[in-house]
Amino acid sequence: MITYYFILFAFCFTQDIYTDYLVLENDTIDVFSYQIPENYDSEIQHPLLVTFHQWGGNENSNYYTGFDEEANNRNWIMLSPYGGSSNNYNHQQAQNMFKEEIKWMMQNFNIDSKRIYMVGGSMGGATGAIYANNHLDPSRPMIAATASASGILDCERRAIEMDGNNSMIEWFGGNWDEVPFEYHRNSAIYFADSTQSMHYNLLYTPLYLDFGVSEPHRTHAEDLYNILLNYNQNIWIDTIPTGSHGYSVIDEEHSCDWLDQFELISDPEYINVNLDQPSRAYWIEAKNMIFDNQFIRIECERYNDNIYNINKFSNSDTLLLHILNDSIPSNIELNNYQNSILTIGLHGNILLMNSISDIIINSPNNNFWENLNFQNNIIYFNISEGNYLINFISEEFEDINLDGIWNVLDIILIVNHIIGQDILFSLQFENADLNDDELINILDIINIISIILD
């Protein structure tokens, strides 16, 4: 079992900055610092600005930019990770550190999970886009938008431009021609072969791109901008560049104004991704990986809340759909356009899943399906290419925890909802609103007590 420990330290700059250590099994693996705004209010949610230092810097370097002042003035919390190394932190280990540090911040401060922004200079310039590519699971920290100052967006291209890069060789495990997949999965984009690139994953991540006027690898930003221009609807590039390299090229106020426009998109109708490992992206999840050095390619879409199309799915054999979260529909339509047999899993809220008593699968064109079974609160079945109508038969419980019995457990769920600890999903909310005033409050608790006493 992996356990993370955090130890609090503090020191003073012109503003109050705090430092914490990320410890894994008694081994300190990273250090990060953070700034709490002067007007922090634990009763309201605050955006989080995650800043990434340049090559040779550390967790304190970002306080010598203007981003700490911008965060303080906007009532944002600011996080500044070290990343385990001063010479490269776009690799997988560092990304996991950032995720854990963000989770710690969210556990200890009232952070708006829909407004987590990232910005970095030089070595840290591409980190936000790379993190966004690799973190599309809405149950874990995702970012709403990111800004890059002189970021190395394509690690392989930059390694070739430099005739090799020692820090990339160290952290990726070899040169670009020896472990190409490591370079591609830790880049915002791989220009030479789009099929081996993760830039598809940036569809819903607003991107702010800035480079200095004299930088030879400004083409990284220009080429990414041109590729994503008609794909990503919120991408900006500086057409009148200033500065030389890194944080010197970016306007802190302008970039924060730009970031401030956006909130996280976590439940899109259309999904188009390359996954570097079996993982979740929005409401889909690939469970297995056939070839370790290739991406799992997925393109799916949803119509009218109950029609799902699987347009592309390769390098995996099992696709989970996280779609039974708020209520159990009477049926869903599933269309598989892949000329192969797939294992489909339907997943959702455990209380709702437990209310399903039967499932019926029909194929209008007599297409193949078999092996319907229920494992670990997931409904699995195999399908071939074709169209399928899936009907659910579920118990219509009227209580809140959907066990058919009104008791103190239902009251606890309401209390947790009121204090914001565990929000009720839509069916629970409907059952809990006994006086039909579209509010959950003490009046509903009184009604439940009356039901229990009766």
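Biologist: How many cavities of 30 Å³ or more turn up in a search of the whole structure?
Modeller: The search finds two. A cavity here is a set of points on a 1 Å grid over the protein atoms alone where a 1.4 Å probe fits but cannot get out, and lining residues have an atom within 4 Å of a point. This is a predicted model, where local features need pLDDT of at least 70 and side-chain atom pairs count only at pLDDT 80 or more, while totals for chains, interfaces and linings use all residues. Residues are numbered from 1 along each chain as its sequence is written, and side-chain values use heavy atoms, without hydrogens and water.

Biologist: How much space lies in the largest cavity?
Modeller: About 60 Å³, counted as the space filled by probe spheres set on grid points joined across faces, edges and corners.

Biologist: And which residues line the largest cavity?
Modeller: A132, H135, L136, M142, I143, Y204, T205, L264, I265 and Y282. Eight of them are nonpolar, two are polar and none is charged (nonpolar: Ala, Val, Leu, Ile, Met, Phe, Trp, Tyr, Cys and Pro; charged: Asp, Glu, Lys and Arg; polar: the others, Gly among them).

Biologist: What volume does the second largest cavity have?
Modeller: About 30 Å³. Its lining includes A129, T146, S148, Y208 and L224. Strands β7 (145-149) and β8 (207-210) are the elements giving two or more residues to that lining (helices are DSSP runs of H or I with at least four residues, strands runs of E with at least two, numbered from the N terminus).

Biologist: Switching to pockets, how much space lies in the largest one?
Modeller: About 1,600 Å³. A pocket is an open set of points with protein on both sides within 12 Å along at least five of seven lines. The largest pocket has 39 lining residues, and P138, S266, R280, N325 and D326 are nearest its centre. By class, the lining holds 17 nonpolar, 13 polar and nine charged residues.

Biologist: Which element gives the most to the lining of the second largest pocket?
Modeller: Helix α2, with four residues. That pocket holds about 360 Å³ of space, and N134, H135, R140, Q277 and S279 are the closest to its centre among 19 lining residues.

Biologist: Last one: why does R185 count as buried?
Modeller: Because its relative accessibility is 10%, and buried means under 20% relative accessible area, exposed over 50% and partly exposed in between, with a 1.4 Å probe and protein chains only. R185 is in helix α6 (residues 180-185). Leaving aside residues up to four places away in sequence, R185 touches Q92, N134, M198, D276, Q277 and F295 (contact: heavy atoms within 4.5 Å).
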